[in-house]
Amino acid sequence: MLINYLDLTIDYVFKRVFGYAGSEVITNRLLSLITEQEINDLVLDCDPILERDLIDDKVGILDIKARVGLEMVCDIEMQVVDQNNIVERILYYWSKMYSEELKRGSGYLNLKKTIVILFADFEVKQFKEIEKYITQWNIREKDYLNCVLTDLLEIYIIELPKFNMDGSNLGASPELNTWIKFIKNPEVITMADEKNDKALKNAKDILTKISNDEHERRLADLRQKYILDQQAIAAKGYDNGLKDGIEQGIEQIISTMFEKNLSIEDICKFTNLDIETVKKIISEHNQN
């Protein structure tokens with residue numbers, strides 16, 4: 001039977017699969033593959049997503065919080081909207097989680113390893129030169145890159161657009177590649193993939209179940225509408241900023257040309273603006 005799977009890049013759907021009670025084995029497996037270490041005793045912080053909050057657009061960030069035994073805390077987020085501040089946000093999330101552990105304990109020695117994992121459905125502008133889709137970040141010494149200041153901080157960023165569905169990806173295991181395939185397009189996951197990874201089969205079973213549930217589809221649609229609205233707002237802000245920047249740039253060029261004693265007629269020819277506009281810009285510049 002053909003299934004119209006819900007989009008796992010919608011943070012609500014992502015959290016329903018990986019962040020709800022009963023998903024511990026699934027999230028444990030994904031976390032193990034991302035961090036390349038054996039993760040056990042994972043406990044999810046299963047805070048409920050209230051339907052009325054989704055309807056009223058009161059839900060801001062649908063991240064997943066988990067604790068691993070007594071040694072580690074983790075935050076996992078699916079982010080679709082690029083607000084050009086993602087790196088700063090990640091550091092803020094990490095520092096907040098890290099400091100909260102100090103409040104729970106009795107001193108610095110009780111601080112736990114804090115991991116933040118970001119799935120970004122966009123390319124991070126700071127990483128344009130990095131080809132691989134997953135990057136790991138620590139605090140390192142400038143000249144001794146193998147020397148890490150502390151193992152209590154780890155940040156993983158997964159840029160989904162950089163992932164190649166044909167499997168030709170750098171810096172990741174075949175098993176993790178299969179999970180990323182699942183997140184990007186569940187339909188490509190085969191029975192053989194599910195047989196090789198029971199946690200992956202469980203994840204697909206949950207996605208199948210909620211994809212066939214009209215109520216869940218409605219909630220996912222509400223969340224997607226919110227995301228699209230946020231993308232539109234971000235795009236509008238960019239367009240306005242670009243327009244303002246261009247206008248300010250032209251004004252500066254005209255002012256500089258006038259200060260260099262170019263005639264207004266020559267300025268009009270160079271900028272392709274009418275004489276009244278050029279005179280107005282020069283007059284405003286002189287008043288400032």
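Let's start with two helices, α2 (residues 24-35) and α7 (residues 198-211): their axes come within 9 Å and cross at roughly 125 degrees. Helices here are DSSP runs of H or I, at least four residues, numbered from the N terminus. The axes are lines fitted to C-alpha atoms over the stretch in contact, with angles from 0 to 180 degrees between N-to-C directions. That angle makes α2 oblique to α7, since under 35 degrees counts as roughly parallel, over 145 as roughly antiparallel, 65 to 115 as roughly perpendicular and the rest as oblique. On the α2 side, V25, I26 and R29 make the contact, and on the α7 side A199, N202, A203 and I206; contact means heavy atoms within 4.5 Å.

A word on the model: it is predicted, so local features need pLDDT of at least 70 and side-chain atom pairs 80 or more, while totals for chains, interfaces and linings use all residues. Residues are numbered from 1 along each chain as its sequence is written, and side-chain values use heavy atoms, leaving out hydrogens and water.

Now, the inside. The largest nonpolar core has 54 residues, and F18 and F119 have the most contacts inside it. Such a core is a set of buried Ala, Val, Leu, Ile, Met, Phe, Trp, Tyr and Cys residues joined through side-chain atoms within 4.5 Å. Beyond its neighbours within four places in sequence, F119 touches residues including F14, L30 and I180.

Finally, is K112 buried or exposed? K112 sits in the loop between α4 (86-104) and β4 (113-120), and counts as buried at 17% relative accessibility; buried means under 20% relative accessible area, exposed over 50%, partly exposed in between (1.4 Å probe, protein chains only).
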